[in-house]
Amino acid sequence: MAEPATETQAAAPVVALLKNELDIVIPTIRNLDFLEMWRPFFQPYHLIIVQDGDPSKTIKVPEGFDYELYNRNDINRILGPKASCISFKDSACRCFGYMVSKKKYIFTIDDDCFVAKDPSGKAINALEQHIKNLLSPSTPFFFNTLYDPFREGADFVRGYPFSLREGVPTAASHGLWLNIPDYDAPTQLVKPLERNTRYVDAVLTIPKGTLFPMCGMNLAFNRELIGPAMYFGLMGDGQPIGRYDDMWAGWCTKVICDHLGLGVKTGLPYIFHSKASNPFVNLRKEYKGIYWQEEIIPFFQQAVLPKDCTTVQKCYIELAKQVKEKLSKVDPYFDKLADAMVTWIEAWDELNPTGPVPNGKAA
Amino acid sequence: RTLRAGKLTERVLKLFIATGKDEVFSLIQALNIQVTVTPVLPTRALRPDLTSFMNEWRTIFSRFHLIIVKDPDLKEELKIPEGFNLDVYKKPDIDRVVGTSTSTIFSGYSCRYFGYLVSRKKYIISVDDDCYPAKDNKGILVDAVAQHITNLTTPATPFFFNTLYDPFTEGADFVRGYPFSLRSGVQCALSCGLWLNLADYDAPTQALKPEERNSRYVDAVLTVPARTLMPISGINIAFNREVIGPALLPSLRLGGEGKFRWETMEDIWSGMCVKVVCDHLGHGVKTGMPYVWRNDRGDAIASLRKEWEGVKLMEEVVPFFQSVRLSREAKTTEDCVAEVANVVKEQLGSKDPMFARAAKAMVDWVKLWKSVGSSTSSPGA
């Protein structure tokens, strides 16, 4: 039976890797009590809190954390008319935090995610594992049967070509969840009592050409390598769909990573997901997505980016164009989404004016 | 009643058997109901004394029919303990079935393919004779056969990655964002297991890290995505012989092929073919559990003094297989293998005579499979 770690205060003092190069982005609408438990692991880092919902409400941040907080008024003030691309009343608003960050790496986590325990009972420093994942190469071109060959105690297996053993830079690290698994509403309704108690001690690179459902609950990425692709779409208030923000970002990110020769890892670290959202509410948010994803997945699986898309922004704009061409017929929502994708890139470039950084090589 | 209703499936039969009731067993025997899914284990005999190997596996293997194939180059007599339901094939048997000129393809580790050829069962499980049952994280002995069968009899999901790994295992499911149309999955044709202790590393890696032992038990089975290739080790695998039997084949033989696993590439080559064929025909390949405990043997540094043939070879082999595209007309496994053989001959044959020989071996294998492998009567031991 999975339980969260409670004695994290007693956790050994951590060497805070990338202390000045990583921001933790947290979307919240309620409170940030969960940070108390993460304190030994998070306190050395800068937090970016994106407050969703009513901006007049005050969100109390626990003492001792270094943070900046943005509510809807701030978002509107900073982006002006471009604020239309940032969702309201949905955790998708977190991507505003990615945009305003000035750091190289981002770790994002939901406010109902706590510290998990590994099978030995030790508290898991999820951030530290994400950093390890991001700082070691990925291997998307050939599958290693012993999973991440760069982990201690593992290596490339017989038959793995030596020319592929250097790997490629890791753009994103996708963590998993013990306790409440990330199921969609229909699955939650059918299996309301199912809990994920299986600790799978593996990190692996998702092969090139393979898509996956990216969950935003426990995610880290290299903002310099892939940041502009992490747009979490138009969800929530006034939109016909919800709970597909991270999915959308994940599909765009994976297509672009595949094109630019970057890697995406999944597996460790685990966090302890404590809150099961209401499946009926979820069903109402998701149901259009459940139909639409049947069209969306083939679209992304077949998406080809031209060779001259050598930066993330160029790739993303091209994707937006293809979304407008090919998905608008599914629903006019995609027309709006495609426009919002372009607005996002414009806003990103405005707030991050160093210009497009060449990222990897075009496939 | 179930029989009359025509509803006796394997699953239902298993439920009856699980009751442990004597009346059920005697009825099954009386009616001669055959469980068609009994796996066969062609354990290649590369060392003559199989006593400790078979005794370690006894509780797991004794329920099944075993095929033991003796490496035709092995001179000593085999020592096999009592109490197993098995057929043993040695050089004279191999010669009788395929002819003395052909039997050379079954030397060394490739002797296992003879077992695959003569088996008449639906599923095959194949384990090297230096592997023993492993223990999981709770200290419980892993029934590798049962896990392979579970892998082969539950669907695979090659078209979209499930982040919680095998969605059909207990306690797991498809995650949010997984398209519903892809949730029924496809048939799993191949199950690739892993190894604790001595992992399947090549000679350079083992020479570099002589003390490294794999102690990480990863509690997962996952489907290898379509169009993703991987090194498929022959040390601990299982497959659906009815579906892809002909695609596991002895064809690539290194010039300096030796008697240790890291001196061979035959399984890696065969595995590439199998994956390409599975991808084309829409079958799944799983990897992960079960683990076996692989024992130490051999001296990797001594092997390094031989040619690095196999290691160098992969630089060609991998890009080649990644580029192979089979035609729409290739609808059976045999057709697919024949097409791959053709492409091997055309694109790689001129680079190294070893590839030309491999291509020919593949063509010959398809013929051999058609004549020996798919006949309805067993060739007999």
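Colleague: Why are both Asp246(A) and Arg176(B) called buried?

Modeller: Buried means under 20% relative accessible area, with exposed over 50% and partly exposed in between (1.4 Å probe, protein chains only), and both Asp246(A) and Arg176(B) fall in the buried class. Mind that this is a predicted model, in which local features need pLDDT of at least 70, side-chain atom pairs count only at pLDDT 80 or more, and totals for chains, interfaces and linings use all residues. Residues are numbered from 1 along each chain as its sequence is written, chains are lettered from A and ligands numbered from 1 in the order in which they are written, and side-chain values use heavy atoms, with hydrogens and water left out.

Colleague: What makes Asp246(A) and Arg176(B) a salt bridge?

Modeller: The term asks for a side-chain nitrogen of Lys or Arg within 4 Å of a carboxyl oxygen of Asp or Glu. Here the closest N and O atoms are 2.8 Å apart, so the pair passes the rule. Asp246(A) sits in helix α7 (residues 245–260) of chain A and Arg176(B) in the loop between α6 (144–153) and β6 of chain B, so two chains are joined. Helices (H or I, at least four residues) and strands (E, at least two) are DSSP runs numbered from the N terminus. Salt bridges with shared partners also link Arg151(A), Asp201(A) and Arg216(B) into one network.

Colleague: Why is Asp219(B) called partly exposed rather than buried?

Modeller: Asp219(B) has a relative accessible area of 22%, and Arg198(A) likewise comes out at 22%. Buried needs a value under 20% and exposed one over 50%, so the in-between label applies.

Colleague: And what makes Arg158(A) buried?

Modeller: Arg158(A) has a relative accessible area of 1%, so the 20% limit puts it in the buried class. Its salt-bridge partner is Asp200(B), at 2.8 Å between the closest N and O atoms. That pair crosses between chains, from the loop between α4 (126–135) and β6 (170–179) of chain A to the loop between β6 and α7 of chain B. Contact means heavy atoms within 4.5 Å; leaving aside neighbours within four places in sequence, Arg158(A) is in contact with residues including Tyr201(B), Pro231(B), Arg261(B), Trp262(B) and Met265(B). UniProt, in an unreviewed entry, lists Arg158(A) for "glycosylation site"; such annotations may be inferred rather than shown by experiment.

Colleague: What does the side chain of His174(A) reach?

Modeller: It reaches the backbone nitrogen of Cys215(A) at 2.9 Å, and the side chain of His174(A) also makes a polar contact with that of Thr266(A) at 3.0 Å. A polar contact is a pair of N or O atoms within 3.5 Å; within protein, one must be able to donate a hydrogen and the other to accept it, and residues adjacent in sequence count only if both atoms are side-chain atoms. His174(A) lies in strand β6 of chain A and counts as buried at 1% relative accessibility. Among the residues it touches is Thr163(B).

Colleague: How many residues make up the chain B and chain A interface?

Modeller: On the chain B side, 61 residues are in contact with 62 of chain A. About 5000 Å² is buried between them, 56% of it on carbon and sulfur atoms; buried area is the accessible area (1.4 Å probe) that two parts lose on being put together, summed over both. In chain B, Phe161(B), Arg176(B) and Arg216(B) lose the most area to chain A, together 17% of what that side buries.
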